[in-house]
Amino acid sequence: ETVYMVMKYMRGRTLQFHIQNHQQRFNDGFLRRIFLSLLNGLREVHAHKIVHLDIKPANVYINMDGTPVLLDFGAARQILASEGQNLRPLYTAGFAAPEQYHGMQNVGPWSDIYSVGATMYACITGKAPRPADEREKEDKLQPLQKAWISRFSRDLLSIIDWCLMLRSDDRPPSVFSLQKALSQIQDEAPAQNVIRSITSRFEQSK
């Protein structure tokens with residue numbers, strides 16, 4: 001009397017692994033490539049009125065060809081279903097949006113957008129942002145535009161800061177709008193160098 005989720009086996013590593021081992025190699029092009037592809041899947045999820053609610057580096061899997069896959073829908077909720085509103089919220093501190101700390105009534109696609117921003121933040125800094133419930137009391141989160149402008153483009157950093165706004169109305173209104181903003185950034189360094197280094201590690205481990 002239990003339920004299981006099964007998916008196709010894929011060879012690769014989590015984004016969390018790459019943050020811990022290759023984070024110094026990340027650049028604008030790599031992050032744009034990974035997250036633009038990931039957001040294609042998230043758009044499809046949202047189109048079916050489902051929110052993931054646990055997007056974080058450990059739940060993003062990078063295949064050997066560099067393709068990202070969003071894993072672990074254990075916390076996902078169908079936001080229009082009445083029973084979904086009564087379920088106990090599940091979240092990961094640092095990656096969960098502020099509204100996830102206050103029940104299920106106000107969660108939605110904007111909540112996943114916060115988590116995407118937090119995941120990108122971890123790619124930049126190597127760690128999660130401060131938990132949103134702490135930020136609501138006193139927001140000491142320094143904008144990335146101030147601290148990381150020497151390594152990444154201002155446009156990319158400003159998009160991540162946008163996703164991490166505490167008020168849901170201040171974030172990108174949809175996954176499509178976030179994709180559009182990311183796609184308009186001009187690459188300053190090719191993504192393929194990072195993808196190649198990741199793939200070569202897999203080949204050596206065979």
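I am working with a predicted model, in which local features need pLDDT of at least 70 and side-chain atom pairs count only at pLDDT 80 or more, while totals for chains, interfaces and linings use all residues. Residues are numbered from 1 along each chain as its sequence is written, and side-chain values use heavy atoms, with hydrogens and water left out.

Entry on the helix pair. I looked up helix 7 (residues 154-163) and helix 8 (residues 175-183), which pack at about 165 degrees with their axes 10 Å apart; helices are DSSP runs of H or I, at least four residues, and strands are runs of E, at least two, numbered from the N terminus. Axes are lines fitted to C-alpha atoms, for helices over the stretch in contact, and angles run from 0 to 180 degrees between N-to-C directions. The two helices are therefore roughly antiparallel (an angle over 145 degrees). Their contact (heavy atoms within 4.5 Å) is made by Leu156, Ile159, Trp162 and Cys163 of helix 7 and by Leu178, Ala181 and Leu182 of helix 8.

Entry on burial. In helix 8 I find Val175, Ser177, Leu178, Gln179, Ala181 and Leu182 buried (under 20% relative accessible area, 1.4 Å probe, protein chains only), and their cover includes helix 2, helix 4 and helix 7.

Beyond its neighbours within four places in sequence, Phe35 contacts Leu15, Val116, Thr119, Met120, Cys123 and Leu182.

Note on methods:
Angles under 35 degrees count as roughly parallel, over 145 as roughly antiparallel, 65 to 115 as roughly perpendicular and the rest as oblique. Buried means under 20% relative accessible area, exposed over 50%, partly exposed in between (1.4 Å probe, protein chains only).
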